[in-house]
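Here's a quick briefing to read alongside the model. Have the viewer open and follow along.

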Amino acid sequence: MAVGHACVDIYQGCVPALVPFLVAERGLGYVAVSGITLAATLLSSVVQPVFGVLTDRRSSTWLIPVAMTTAGLGISLLGVGHRYWLMWLAAALSGLGVAAYHPEAARMARLVSGGSHVGMSWFSVGGNVGFALAPVLVTPIIAAGGLPLTPVLVVPALLGAAITSWAIRSRATRPVVRSTPEGADDWPSFLRLSVIMVCRSIVFVGLGTFIALYAGQRVGGGTTTGGTALFVLFSSGALGTLLGGRLATRYGRVRTLRTSYAVAVPAIACLVFVPGPAFFGFLALTAIAMSIPFSLHVTLGQDFLPGRVGTAGGMTLGLAVSVGGVATPVLGTIAEHTSLRLALSTLIALALCSSLIGYALTEPA
């Protein structure tokens with residue numbers, strides 16, 4: 001399941017990895033590339049809760065490989081059409097696949113991990129690894145042949161669908177025991193957690209969309225430097241996700257969440273304002289601090305809503321990632337009218353909000 005999660009989240013990482021090429025080959029500006037990110041995330045944000053409700057009512061494991069294939073198909077078509085609306089629709093198709101994947105996959109991951117914080121962190125880190133691999137996959141291929149080579153990018157989706165289908169069939173041969181939810185759904189706590197996730201999503205998606213361009217401005221080197229920055233962002237995020245499960249087991253989920261977001265505040269400030277090669281170090285620290293709570297959001301959400309595990313998992317794993325894309329056009333507009341540095345500096349306040357709202361949460365029983 002973790003490998004499958006990596007294969008589907010490659011396509012969330014592909015969008016920011018393609019941004020420098022869309023700027024260079026298609027002449028898109030900050031607002032236009034923000035629109036591509038918006039296309040990949042807006043539809044996902046809208047329909048993901050619907051898929052969550054459906055998976056709570058009826059198990060739909062067949063949807064997991066189908067959704068993965070759809071996500072890959074959308075990205076593979078992104079570079080084929082030269083018209084902006086065709087690129088927009090291709091990104092939206094990929095976002096639909098991502099939306100369909102996460103609720104059912106999160107429900108199944110909770111089942112096979114027994115609700116373990118560490119087990120869920122391994123499943124969650126699969127998504128981080130997918131994000132990290134995206135620039136490694138995209139940059140050399142598109143740099144060699146340009147955007148017309150995007151159809152090659154469908155391969156991870158096909159591979160992931162095959163692996164996940166095998167895992168689902170293997171699980172189907174074992175007896176499935178469904179536990180009875182204990183306790184009532186705590187919607188106020190889940191809504192507070194949702195606000196934290198939205199703030200985190202805007203920060204991480206905003207960095208994912210613009211950090212490649214910002215790295216080129218700060219360090220030089222063009223698309224190669226941008227690809228390196230994305231790899232640092234997403235690979236460090238994978239490390240942070242694994243740390244989150246371990247730290248939560250020792251110190252508790254809510255305490256770990258508050259502290260990690262507090263560390264992210266100065267890390268982002270240094271990333272944006274401190275000059276020189278330290279840029280990549282502060283980028284890594286930012287990614288780790290912002291990713292430590294990632295898997296904790298999932299288990300906290302599912303424990304706040306024990307009767308709606310699919311809905312909680314879908315919102316925490318998928319919606320919390322995709323909703324940040326809705327805000328990227330705002331960041332793009334700020335960047336075009338002022339500077340990219342000023343646009344990214346607004347993310348500092350969102351990390352601070354996440355830490356402060358964490359004090360309104362208590363550890364679920």
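Predicted model: local features only at pLDDT ≥ 70, side-chain atom pairs only at ≥ 80, totals over all residues.

**Helix 13, inside and out**
- The buried set on helix 13 is Thr328, Pro329, Leu331, Gly332 and Ala335.
- Look down the axis of helix 13 and those buried residues fall within an arc of 155°, so they line one face of the helix.

**Helix 7 against helix 13**
- Helix 7 (residues 187-219) and helix 13 (residues 328-337) have axes that come within 10 Å and cross at roughly 50°.
- The two helices are therefore oblique to each other.
- The crossing of helix 7 past helix 13 is right-handed.
- On the helix 7 side, the contact is made by Val205, Gly206, Thr209 and Phe210, while helix 13 brings Thr328, Leu331 and Gly332.
- Sorted by type, the residues of that contact come out as 3 nonpolar, 4 polar and no charged.

**Pro275 in its loop**
- You'll find Pro275 in the loop between helix 9 (253-273) and helix 10 (278-291).
- Pro275 counts as exposed because its relative accessibility is 62%, and the cut-off for exposed is over 50%.
- Pro275 and Val219 are 56 residues apart in sequence, yet their C-alpha atoms are 9.3 Å apart in space.

Conventions
Residues numbered from 1 in each chain as written. Heavy atoms only, no water. Axes fitted to C-alpha atoms, helices over the stretch in contact; angles between N-to-C directions. Helix = DSSP H or I, 4+ residues; strand = E, 2+ residues; numbered from the N terminus. Parallel < 35°, antiparallel > 145°, perpendicular 65-115°, else oblique. Left-handed = near helix turned anticlockwise from the far one by under 90°. Contact = heavy atoms within 4.5 Å. Nonpolar A, V, L, I, M, F, W, Y, C, P; charged D, E, K, R; others polar. Buried < 20%, exposed > 50% of the residue type's maximum accessible area, 1.4 Å probe, protein only. Arc of directions from axis to C-beta.
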